[in-house]
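Please look through this note before you turn to the model. It takes up the ligand site, then a pocket, then a sheet.

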Amino acid sequence: MPFDRLFESQLENLKAEGNYRYFADLTRKCGQHPRALNHQDGESREITVWCSNDYLGMGQHPDVVEAMAQTARECGTGAGGTRNISGTNHHHLELEAELADLHGKEGALLFTSGYVSNWAALSTLGSRLPNAVILSDSLNHASMIEGIRHSRAQKVIWKHNDPEDLDRKLAALPANATKIVAFESVYSMDGDIAPIREIVEVAEKHGAMTYLDEVHAVGMYGPRGGGVAEQEGLMDRITLIEGTLGKAFGVMGGYITGSAALCDFIRSFASGFIFTTALPPAVAAAATTSIRHLKESGEERAMQRRQVDRLRNQLDAKGIPHMDNPSHIIPVMIKDPVKCRMLSDYLMDQFGIYVQPINYPTVPKGTERLRFTPGPRHTDADIDHLVAALEVLWKQCAIARATA
Ligand SMILES: *Cc1c(COP(=O)(O)O)cnc(C)c1O
């Protein structure tokens, strides 16, 4: 094809850098999470997934699966339209009410993904509000960055998790600016958690709105799974809380929550909300079931925490360095893209352990890593097997040990 050379030359660069992405070909098996089949070279075998964002296995919870199957039988597959033109199903409204309640807000608005919710909400706020300035944490997710860029509003980047830097940057803005502070609670690559209280206090001092992405925290933090802001008792002080239904809730979709006026504003002006087909009712019903379950049940959260602690302690005991953080994410730093891919391949081939290498541009060059997300369904034996495998690799690859 005449244009293929253009495509291929860029792909060759990626491959030369070790940053070309290979996807693992998996078949998930309902009821067997974190086990899955891996297909390779015409064969398939059972492996254990160690990097899933279905953090609590809710995507295979019998009640959640049944809600999806039953609703599909009752209502069919698709929503039948955009939210505006015949696509608003009762299941969407039920889910939005559930989400508003989860975060203690007046309203909630559903999107087809968390990516779209960030993109649409930030681009609408930034483009519609008078003299908008968006103050963005330097490690914010791509979906927030793209939303801010699309808004064409002035953007100010503040130092990651640094309320003092935010304070200085807010103080430098003109009094007539509409200031929006955009940040996350759990940062998914380093697993660190924002000092939400300090950030909120700085924002309040300067009369700024707060926009909090709780994508990696909803379902997992707080007594009802409302996220880190719930855990810290801060939900009512945050203007907009954004989340996903695709990670700990195990389904798909994204959302924002906030005041009734804020949600009505986004509903009325956000292109990414208006001009796209609504989520299938069956997806909405499954998400509602998952959220309701995690509001009541702390069992999954407790077991996840236990297994996270267990893996950390065992890595420490073997001198395998991992990034220290207060969350459920355990990054093991490799700091080289080729080595990172090689270790990942070796774990899969030799030990049936699947952990995706995390390379640029997901993380900065030189900080390549393996990112483990233990869940309630990883057994003690799974953890022993993983740590034993890493120990073998560490010896073979002569990677410096924490104790060296
Ligand atoms: C995954 C992710 C999103 C996007 O959520 P999806 O529902 O997967 O589109 C948004 N923000 C952060 C921080 C994420 O990691």
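The points below go through these topics in turn.

1. Ground rules. This is a predicted model: local features need pLDDT of at least 70, side-chain atom pairs count only at pLDDT 80 or more, and totals for chains, interfaces and linings use all residues. Residues are numbered from 1 along each chain as its sequence is written, and side-chain values use heavy atoms, with hydrogens and water left out.

2. The ligand shell. There are 13 residues around the ligand; a residue belongs here if one of its heavy atoms lies within 4 Å of the molecule. Gly114, Asp213, His216, Thr244 and Lys247 come nearest. Helix 5 (residues 114-128) gives the largest share of the shell, 3 residues. Helices here are DSSP runs of H or I with at least four residues, strands are runs of E with at least two, and both are numbered from the N terminus.

3. The shell divides into 2 nonpolar, 8 polar and 3 charged residues. Ala, Val, Leu, Ile, Met, Phe, Trp, Tyr, Cys and Pro count as nonpolar, Asp, Glu, Lys and Arg as charged, and the others, Gly among them, as polar.

4. Atom pairs at the ligand. A polar side-chain atom of His216 lies 2.5 Å from a ligand oxygen atom. The side chain of Asp213 has an N or O atom 2.7 Å from a ligand nitrogen atom. Tyr115 uses its backbone: an N or O atom there lies 2.8 Å from a ligand oxygen atom. How much of the ligand does the protein bury? Taken alone the ligand exposes 380 Å², and the protein buries 84% of that (Shrake-Rupley method, 1.4 Å probe).

5. The second largest pocket. Its volume is about 230 Å³, the space filled by probe spheres set on the grid points, which are joined across faces, edges and corners. A pocket is an open set of points on a 1 Å grid over the protein atoms alone, where a 1.4 Å probe fits, with protein on both sides within 12 Å along at least five of seven lines; lining residues have an atom within 4 Å of a point. Of the 16 lining residues, Ala24, Gln40, Arg341, Asp345 and Met348 are closest to the centre. Helix 14 gives the most, 5 residues. The lining divides into 7 nonpolar, 5 polar and 4 charged residues.

6. Four strands form an open, mixed sheet in the order 1-2-3-12; strands pair if DSSP finds at least two bridges between them. Strand 1 (25-28) and strand 12 (353-354) stand at the edges with a single partner strand each, so one side of each lacks a neighbour in the sheet. Strands 1 and 2 run antiparallel, joined by 4 bridges. Arg28 stands opposite Ala36 in strand 2.

Key:
Polar contact = N/O pair within 3.5 Å; in protein donor to acceptor, adjacent residues only side chain to side chain.
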